[in-house]
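The following note sets out points on the model shown below. Please read them beside the sequence and the coordinates.

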Amino acid sequence: MTETRLRLKLTPEAAHDLGVSADVTFALELTSDQLPMLKDGLTRVFASGRENARPTLLHT
């Protein structure tokens, strides 16, 4: 993740279930104050829930 891009790499199964490509990039328009908040929020979201449903690799 950068101030301008968020990239998600999904398993083929997850991509199929969501109806998207396995490699998805989102354009971001964040201030320098917003970036750490988004990183913290995404880390909490992706690290919560069932252990077998969490990402095996998470870079923020």
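1. Architecture. The protein chain contains 2 helices and 2 strands; helices (H or I, at least four residues) and strands (E, at least two) are DSSP runs, numbered from the N terminus. Along the sequence, these elements follow the pattern β-α-β-α.

2. Basis of the note. This is a predicted model, in which local features need pLDDT of at least 70 and side-chain atom pairs count only at pLDDT 80 or more, while totals for chains, interfaces and linings use all residues. Residues are numbered from 1 along each chain as its sequence is written, and side-chain values use heavy atoms, with hydrogens and water left out.

3. Confidence. The mean pLDDT (the predictor's confidence in each residue, from 0 to 100) of the protein chain is 86, and 88% of the residues score at least 70. Confidence is lowest in helix H2 (residues 34–46), with a mean of 88, and highest in strand E2 (residues 23–27), with 94. Where pLDDT is low, the predicted coordinates should not be read in detail.

4. Surface and burial. The accessible surface of the protein chain is about 5000 Å², and carbon and sulfur atoms contribute 55% of that area. Accessible areas come from the Shrake-Rupley method with a 1.4 Å probe; for residues, only the protein chains shown count as cover. Of the 60 residues in the protein chain, 12% are buried. Buried means under 20% relative accessible area, exposed over 50%, and partly exposed in between (1.4 Å probe, protein chains only).

5. Contacts across the sequence. Among the contacts (heavy atoms within 4.5 Å) in the protein chain with a separation of 6 or more, 29% involve residues 24 or more positions apart.

6. Helix H2. With 13 residues, H2 spans 18 Å from its first C-alpha to its last, close to the 18 Å expected at 1.5 Å a residue; the expected span is 1.5 Å times one less than the number of residues. Leu35, Gly41 and Leu42 are the buried residues of H2. Viewed down the axis of H2, these residues fall within an arc of 130 degrees, so they line one face of the helix; the arc is that of the directions from the helix axis to the C-beta atoms. The buried residues of H2 pack against strand E1 (5–9), whereas Met37 and Arg44 are exposed on the other side of H2.

7. Arg5. Strand E1 includes Arg5, which is partly exposed at a relative accessible area of 45%. Beyond its neighbours within four places in sequence, Arg5 is in contact with Thr25, Phe26, Ala27 and Leu28. The C-alpha atoms of Arg5 and Leu28 are 5.3 Å apart, although the two residues are 23 residues apart in sequence.

8. Which side chain meets that of Asp23 in a salt bridge? The partner is Arg7, at 2.6 Å, N to O. Asp23 lies in strand E2 and Arg7 in strand E1, so this pair ties together parts that are 16 residues apart in sequence. Asp23 is partly exposed, with a relative accessible area of 35%. The whole structure has 2 salt bridges, each being a side-chain nitrogen of Lys or Arg within 4 Å of a carboxyl oxygen of Asp or Glu.

9. Arg44 is exposed, at a relative accessible area of 57%, whereas Asp40 is partly exposed, at 42%.
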